[in-house]
Amino acid sequence: MPKLYTIICATRSARHGDKFAKWFNDFAAANSDFDAELVDLAEVKLPFFDESTHPRAQKYEHEHTKKWSKLIDAGDAFVFVIPEYNYSPPAEFFNAVNFLNTEWNYKPAAIMSYGGVSGGLRSAQVARSHLSTLRMMPLPEGIPLPNYPQFLNENGEFVATEMVEASAKTVLAELKVWNDGLQTIRNK
């Protein structure tokens, strides 16, 4: 089974992305042919980029980079769960992505974004542009959560609507199509 990593990109203590990511990861495990696994950047604890050579060289000096490289290299597809801060993804997203290079190449990615009225769509567009520079295929389809508190019940738990579930199904189907096609390139 291809490996799908759902990556929680917000690391603040007062975050909600972990709830959205857990839901998506469970949904993917139950509704796709992916081996779904949750990755929390708050637990990965990457420092700001501290390698002396460009990631393309893959001459990693630090153990945290070697672990991150091994994890991402094993992934076939990714869903980044990102908030919108000042029209952009959080710094942790850019840092985690920029630590590596070839490990991301020719792999599909989708964005589950959340924010105010825009649902994090501006952040998602910035993230897509950045991911494409790493030879990833960022899907145009995504899972936006506008005015995200509306998706939290009185206990603070995420409750998906039919629209959110439909978006998640579309994203999973597209990730499969792109992963199947990009496998040919990755296996060369």
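1. The side chains of Asp 40 and Arg 15 meet in a salt bridge, with N and O 2.6 Å apart; the term salt bridge is used here for a side-chain nitrogen of Lys or Arg within 4 Å of a carboxyl oxygen of Asp or Glu. Because Asp 40 belongs to strand β2 and Arg 15 to the loop between β1 and α1 (17–31), this pair ties together parts that are 25 residues apart in sequence. Helices (H or I, at least four residues) and strands (E, at least two) are DSSP runs, numbered from the N terminus.

2. Please keep in mind that this is a predicted model, in which local features need pLDDT of at least 70 and side-chain atom pairs count only at pLDDT 80 or more, while totals for chains, interfaces and linings use all residues. Residues are numbered from 1 along each chain as its sequence is written, and side-chain values use heavy atoms, with hydrogens and water left out.

3. Asp 40 is buried, at a relative accessible area of 10%, and Arg 15 is buried as well, at 13%. Buried means under 20% relative accessible area, exposed means over 50%, and partly exposed lies in between (1.4 Å probe, protein chains only).

4. By the salt-bridge rule the count comes to 7 salt bridges. One of them joins Asp 35 to Lys 3, whose closest N and O atoms are 2.9 Å apart; since Asp 35 lies in strand β2 (residues 35–40) and Lys 3 in strand β1 (residues 3–8), the pair ties together parts that are 32 residues apart in sequence. Asp 35 is partly exposed, at 34% relative accessibility, whereas Lys 3 is buried, at 15%.

5. Glu 84 and Arg 122 also meet through their side chains in a salt bridge (2.5 Å, N to O). This pair links distant parts of the chain, with Glu 84 in the loop between β3 (77–83) and α4 (91–98) and Arg 122 in helix α5 (residues 121–132), 38 residues apart. Glu 84 is buried, at a relative accessible area of 16%, and Arg 122 is partly exposed, at 34%.

6. The axes of α4 and α5 come within 11 Å and cross at roughly 10°, which makes α4 roughly parallel to α5. Axes are lines fitted to C-alpha atoms, for helices over the stretch in contact, and angles run from 0 to 180 degrees between N-to-C directions; angles under 35 degrees count as roughly parallel.

7. In contact (heavy atoms within 4.5 Å) are Phe 93, Phe 94, Val 97 and Asn 98 of α4 with Val 126, Ala 127, His 130 and Leu 131 of α5.

Notes. Angles under 35 degrees count as roughly parallel, over 145 as roughly antiparallel, 65 to 115 as roughly perpendicular and the rest as oblique.
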